[in-house]
Amino acid sequence: MKSHIVKIVVALAVVAEVGLSGVSAQQAPAKRNFEAEIQKAIESAKTAAGFEFQGTLVRTCLLPQSGGENTSDNVPGYVTNPASAPARDTWYAEPAKVFDNLYFVGGKLHSAWALTTKEGIILIDTIYPYNSEELVIGGMQKVGLDPKNIKYLLISHAHGDHVGGAEMLQNRYGVRVVMGGPDWDLVAKYPNRYKAMAPKRDIVATDGMKITLGETTVNIWLTPGHTPGTLSYTFTVLDRVKPVNVAYSGGTAFNFVKNTPDPGIKNFQTYIDSQKHMAAKAAATGATVLLSNHSEFDNAVNKNRMLAGRGNGPHPYELGTDSVQRYFQVMQGCARAAQLRLEQKASEGKP
Ligand SMILES: [Zn+2]
């Protein structure tokens, strides 16, 4: 107890000292006020988040994030021993028809989407190896879609929660798999990490690439940051025959090396530039719907429930163009705040 009090007193003394140096910093205008800049960036993210994007705000602005490069190559526990996978009630969600030609076949935390066309199905993401069979294959069957009709599989990025079912789908149905070049490299580099999830190298995505099936085209945009090969998309769906434009964001958390100013500052800039790139594409296409590969970030599961009681009301996924832009502002504001912390570190001569 006593040592706690001592610690608190020391902490207060530190605060007082920081406060004083803050005053002297104000007197020397050349010195940057990093704290004020960081607070401003976080405030801009909070304002942009509103009620709609609280999940994204919490994940990117408020939760602590890992900082180093993951060079481990271990077989995940849920692959070695499937019985150790998380309990079904932590991830199971009902599939849903969300638009005339877009079906949710994901779970409580991760999304997978089936985009139907006259010539077959474009599947977006596959969730984990342990639940792709039930959520993706089973979900499609439940809403009346035949998984044999999947022609293309787009993988937002090579993490187990998105690429998990890709090997199975490629082997079983011969689907064409599209992934970013650097993420194909990751899959090749870490055979144990991707055991049971590694599709054979197929289509390497490029910025502006179009995947067209029947009357439907998905435009692919390279948005490196979360992983070096993260992909995002724009495409059009139909809501009771009315065309609606979608922006799909393929990576959210700051999952890159950022524990040191070099290369952290550069990596954050890559991430921020990608958000600007996608925001511009969303604006250019007039996107009013924001989809994420995590149902916790676009509230997909709740919205699917709201859809059932929609009647003649507005579509719960249609946010409007301004809200879609605000999503990318949340990610930019949080990334800028974290980048500023590294700039502050660098200005203090820290490595
Ligand atoms: Zn990821």
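Guide: Strand S4, helix H5 (residues 132-142) and strand S5 together make a right-handed β-α-β unit. Please keep in mind that this is a predicted model. The two strands of the unit, S4 (residues 120-124) and S5, run parallel and are joined by 4 bridges. Within this pairing, Ile-121 has Ile-150 in S5 as its bridge partner.

How enclosed is S5 by the rest of the structure? Of its 5 residues, 4 are buried, so S5 is largely enclosed. On S5 there is also a pairing with strand S6 (residues 176-180): these two strands run parallel, with 3 bridges between them. Leu-154 stands opposite Val-178 in S6.

S4 likewise has a further pairing, with strand S3 (residues 113-117), and here the sense is antiparallel, over 5 bridges. One of the facing pairs is Thr-117 with its bridge partner Gly-120 in S4.

These pairings belong to a wider arrangement. An open sheet of 7 strands runs in the order S1-S2-S3-S4-S5-S6-S7, and its pairing is mixed. At its edges are strand S1 (96-99) and strand S7 (203-205), each of which pairs on one side only. On average, and ignoring direction, neighbouring strands of this sheet are turned by 25° against each other. Helix H11 (residues 300-308) packs on the sheet, where it touches S1, strand S2 (102-104) and S3. The direction of H11 makes about 85° with that of S1.

Helix H7 (residues 166-173) brings the view back to the unit. Its buried residues are Ala-166, Met-168, Leu-169 and Gln-170. Which elements cover them? The covering elements include S4, H5 and S5, the parts of the unit described above, and also H6 and S6. Just after H7, Gly-174 takes a positive phi of about 65°.

A zinc ion is coordinated by His-157 through NE2, His-159 through ND1 and His-226 through NE2, at 2.1 to 2.2 Å. Along the chain these donors follow the spacing H-x1-H-x66-H. The pair His-159 and His-226 links distant parts of the chain, 67 residues apart. His-159 lies in the loop between S5 (150-154) and helix H6 (160-163), whereas His-226 lies in the loop between S9 and S10. Is His-226 buried or exposed? Its relative accessible area is 9%, which is under the 20% limit, and therefore His-226 is buried.

S8 and strand S9 (residues 216-222) run antiparallel and are joined by 4 bridges. Thr-212 stands opposite Thr-217 in S9.

With a relative accessibility of 25%, Lys-281 counts as partly exposed. Leaving aside neighbours within four places in sequence, Lys-281 is in contact with Trp-221 and Thr-234.

A disulfide is a covalent bond between the sulfur atoms of two cysteines. The structure holds 1 disulfide, which joins Cys-61 to Cys-334 with an S to S distance of 2.1 Å. The link connects distant parts of the chain: Cys-61 in helix H3 (residues 54-62) and Cys-334 in helix H12 (residues 321-347), 273 residues apart. The torsion about the S-S bond of Cys-61 and Cys-334 is about -110°, so this disulfide is left-handed. Cys-61 counts as buried at 16% relative accessibility, and Cys-334 is buried with a relative accessible area of 2%.

Conventions
Residues are numbered from 1 along each chain as its sequence is written. This is a predicted model: local features need pLDDT of at least 70, side-chain atom pairs count only at pLDDT 80 or more; totals for chains, interfaces and linings use all residues. Side-chain values use heavy atoms; hydrogens and water are left out. Two strands pair if DSSP finds at least two bridges between them. Donors are N, O and S atoms within 2.8 Å of the metal (3.2 Å for Na, K and Ca); water is not among the atoms, so sites may look incomplete. Buried means under 20% relative accessible area, exposed over 50%, partly exposed in between (1.4 Å probe, protein chains only). A disulfide is a pair of cysteine sulfur atoms within 2.5 Å. A crossover is right-handed if, with the strands pointing away from the viewer, the path from the first strand over the helix to the second runs clockwise. Contact means heavy atoms within 4.5 Å. Axes are lines fitted to C-alpha atoms, for helices over the stretch in contact, and angles run from 0 to 180 degrees between N-to-C directions.
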